[in-house]
Amino acid sequence: MEPEKRMDKRIRVDLNLEQNPISPFESLSEEVLFLILDLLNSNPLDRKSFSLVSRSFYKLESCHRRWLTPLRLDLLPSILTRYSSISHLNLTLCSRLTDVTLASIASLLSSSLRSINLSGSRSYTHKGIECLAEKCFNLEEIDVSIRVDLGDEVAAAIGKMVKMERVNMGRCKKVTDLGIGCIAAGCPNLKLLCVKGCVGVTDLGVKLVAVKCRKLQSLDVSFTMITKKCLPAIMQLPNLEEFCMTGCLGIDNKAFVNLKQGCNSLQALDMSNCEHMTDSGVLSILQKYPNLYHLNLASCSSVNVSILSGLKSMCKLGSIKLDGCKVTASGLKSLSNSCISLKELSLSKCPGVTDEGISVIMAKHKDLVKLDVTCCRYITDESLSAITSSCTSLVSLRMESCTKLSSEGFRLIGQHCPKLEELDLTDNDLDDEGLRSLASCHNLVSLKIGICLRITDNGLIPVGQSCPRLQELDLYRAIGITDKGVSAIADGCPHLEMINMAYCTNISDESLKFLSKCSKLCILEIRGCLQVSSVGISAIAAGCRLLSKLDVKKCCEVNDAAMFSLARYSHNLCQIHLSYCSVTDAGLLALACLGSLRNATMLHLSGVSPKGLATALLMCHGLTKVKMHSSFKSSIPRALIEHVESRGCSFHWMYKPFQVDFESSELWKQQSHDLFVE
């Protein structure tokens with residue numbers, strides 16, 4: 001009887017297939033399916049689900065993918081065999097990248113590869129880059145930055161890539177003019193070059209680039225040894241739009257005063273931290289580059305009234321950064337009469353900014369969309385009133401540590417600035433009434449209200465109910481926030497990607513259970529939350545599969561159970577801070593199975609033995625940085641440490657005494673303010 005029943009079922013299934021021989025999905029054209037895939041780029045899990053629908057979907061997803069960021073090098077050949085049309089390859093998460101691997105990539109992606117990012121990756125040499133140059137004839141962009149050991153041989157290999165347009169060699173300290181000359185001679189189509197921190201690069205190398213690469217649009221020579229000798233050649237580049245020379249101590253007034261002509265195409269100039277530039281040099285720049293849109297003079301001690309008055313000639317200037325400059329009220333008054341097109345103004349950490357200066361400049365520049373007055377500690381509600389009444393189109397407002405502002409003043413922001421997307425009120429006297437007012441800013445994407453000790457759930461709940469676009473929320477040391485407030489955020493902000501609740505001592509596992517519904521959450525900081533346990537972390541691991549950064553320092557109830565859940569679900573976890581947790585060898589070994597893990601801090605883990613730690617280090621092949629207590633240094637075999645270092649991992653041995661108790665947020669805040677005054 002049972003076999004007959006089974007046969008009947010098979011017959012019914014076969015009949016259904018005959019009636020519906022083609023799945024409705026199979027009738028969709030490739031163009032339609034590609035459009036669907038275009039909308040799924042933000043979440044890799046969505047693309048994976050798409051590819052599992054059918055064999056044809058699997059094949060189409062493989063053909064459609066153009067960007068790839070692999071986590072495991074051992075699987076790279078098979079991955080590239082499937083995704084043979086990759087044009088942009090990001091290998092920054094692969095700490096140990098050999099020449100053999102680069103040769104394999106060059107063979108598999110010879111015709112499709114357009115861009116490759118090797119920033120921070122180690123172990124490869126010029127031979128691997130030569131393989132890319134030989135076989136990847138369409139390569140247009142390469143990033144080999146943050147490799148202090150790379151020299152001219154790598155630059156020479158890049159110089160063989162005739163279609164190369166964008167090269168980033170930042171912090172390649174052994175590269176000299178010889179290597180830069182090879183790039184200049186071999187890459188005539190070069191549009192972007194970054195040699196930031198390449199201390200071996202001088203005027204000769206930069207001159208060669210300026211002479212040979214006439215299509216250059218962006219040049220970054222920050223913290224190099226250039227002087228005024230190379231500037232005439234740079235300023236003759238017909239297409240140069242961005243020039244950055246931050247921290248170039250060899251540049252002085254004569255560099256620009258003696259220039260016979262400026263660069264008419266130049267739109268952005270960054271000369272921050274150029275200590276030897278005075279007002280005469282800056283004024284000559286203003287005269288020669290009237291088409292500038294962005295000007296960065298941060299930390300330039302020479303900024304004074306005459307310079308700010310000189311901005312009158314720059315009718316197209318839309319963005320200026322004066323961070324750390326000794327700007328005065330008279331200086332801001334001069335600025336207010338200049339730059340009629342100003343859209344972005346940054347006065348962060350300018351000690352001379354007062355209500356008088358802010359009021360004057362706001363009255364003249366009502367079209368500002370971005371304003372930064374971080375740590376301008378002398379402005380009061382008068383300034384806030386001027387800002388909110390004049391600049392109602394503000395999109396970004398940063399006012400961290402403006403300690404003379406009152407809770408009444410912050411209510412004006414919600415009343416007059418409905419277009420705000422970014423708001424930073426960290427370390428201010430914000431209360432619930434002010435926070436409720438901010439809920440009127442329905443477009444908020446980033447809200448930072450850390451160290452605002454007077455806010456509670458009563459203020460946070462309206463934010464959750466009214467700001468559905470919120471992606472970033474900073475509640476650092478906001479001790480009045482509890483599970484109830486976090487619940488409102490989790491329910492009303494489905495796009496949340498980052499939340500910082502460090503030292504919010506009233507939150508518990510319930511908060512993490514609520515947040516587990518936010519599937520896009522990738523950064524969670526809850527250090528010092530003593531009520532959080534493995535139950536909450538397990539909920540986050542299961543619900544937030546995109547989690548990439550987790551800080552549970554001093555969460556003493558977090559134990560091995562949390563590590564097991566992370567190992568099972570959190571395959572995107574790159575960084576974790578476990579200090580003072582109740583993790584043992586078993587939990588650490590489970591965590592080591594994560595191929596994505598790159599950065600780990602593990603201090604004062606009383607349940608971890610030297611043997612367990614050594615085994616975990618051997619298992620975790622992708623580690624690039626580990627912080628551990630110095631007491632382990634003598635317990636782990638030197639040969640093992642050298643082996644792990646050879647894979648691209650750096651050890652940071654810390655000596656910190658055991659300390660679980662921490663100051664109250666009120667005391668901590670007072671100590672911070674006292675330190676600033678000193």
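Tutor: We may, bearing in mind that this is a predicted model. Asp-427 is found in the loop between strand 15 (422-424) and helix 19 (432-438).

Student: Is Asp-427 buried or exposed?

Tutor: A residue is called buried when its relative accessible area is under 20%. The relative accessibility of Asp-427 is 8%, so this residue counts as buried.

Student: What is the phi of Asp-427 near?

Tutor: Most residues other than glycine have a negative phi. Asp-427 is not a glycine, yet its phi is positive, with a value near 60 degrees.

Student: Which loop holds Ile-146, and what is the relative accessible area of this residue?

Tutor: Ile-146 also has a positive phi, near 60 degrees. Its loop runs between strand 4 (141-143) and helix 8 (152-158). Ile-146 is partly exposed, and its relative accessible area is 42%.

Student: How many residues apart in sequence are the parts tied together by Arg-47 and Glu-61?

Tutor: The side chains of Arg-47 and Glu-61 meet in a salt bridge, 3.1 Å from N to O. Arg-47 lies in helix 3 (residues 44-51) and Glu-61 in helix 4 (residues 55-64), so the parts tied together are 14 residues apart.

Student: Are Arg-47 and Glu-61 buried or exposed?

Tutor: Arg-47 has a relative accessibility of 4%. For Glu-61 the value is 1%. With these values, Arg-47 and Glu-61 count as buried.

Student: Which residues are linked with Arg-47 and Glu-61 in a network of salt bridges?

Tutor: The structure holds 19 salt bridges. Within the network, Arg-47 and Glu-61 are linked with Arg-65 and Arg-82.

Student: How many residues of helix 23 are buried?

Tutor: Helix 23 spans residues 534-543 and is mostly covered. Its buried residues, among them Gly-536, Ile-537 and Ile-540, pack against helix 22 (509-515), strand 19 (523-525), strand 20 (549-551) and helix 24 (560-569).

Student: How many residues make up the largest nonpolar core?

Tutor: In soluble globular proteins, nonpolar side chains tend to be buried together. Ile-526 is one of the members that touch the most others, and its contacts include Met-501, Leu-512 and Ile-537. The largest nonpolar core has 196 residues.

Student: About how much accessible area do Leu-28, Val-32 and Ile-36 have together?

Tutor: Ile-36 has its place in helix 2 (residues 30-38), and it is partly exposed, with a relative accessible area of 33%. Leu-28, Val-32 and Ile-36 form a nonpolar patch on the surface, and their accessible area together is about 190 Å².

Technical notes: Residues are numbered from 1 along each chain as its sequence is written. This is a predicted model: local features need pLDDT of at least 70, side-chain atom pairs count only at pLDDT 80 or more; totals for chains, interfaces and linings use all residues. Side-chain values use heavy atoms; hydrogens and water are left out. A nonpolar core is a set of buried Ala, Val, Leu, Ile, Met, Phe, Trp, Tyr and Cys residues joined through side-chain atoms within 4.5 Å. Buried means under 20% relative accessible area, exposed over 50%, partly exposed in between (1.4 Å probe, protein chains only). Contact means heavy atoms within 4.5 Å. Patches are made of residues with over 30% relative accessible area and no salt bridge: like charges are joined within 9 Å, nonpolar side chains (Val, Leu, Ile, Met, Phe, Trp, Tyr) within 5 Å. Accessible areas come from the Shrake-Rupley method with a 1.4 Å probe; for residues, only the protein chains shown count as cover. A salt bridge is a side-chain nitrogen of Lys or Arg within 4 Å of a carboxyl oxygen of Asp or Glu. Helices (H or I, at least four residues) and strands (E, at least two) are DSSP runs, numbered from the N terminus. Lists of a residue's contacts leave out its neighbours within four places in sequence.
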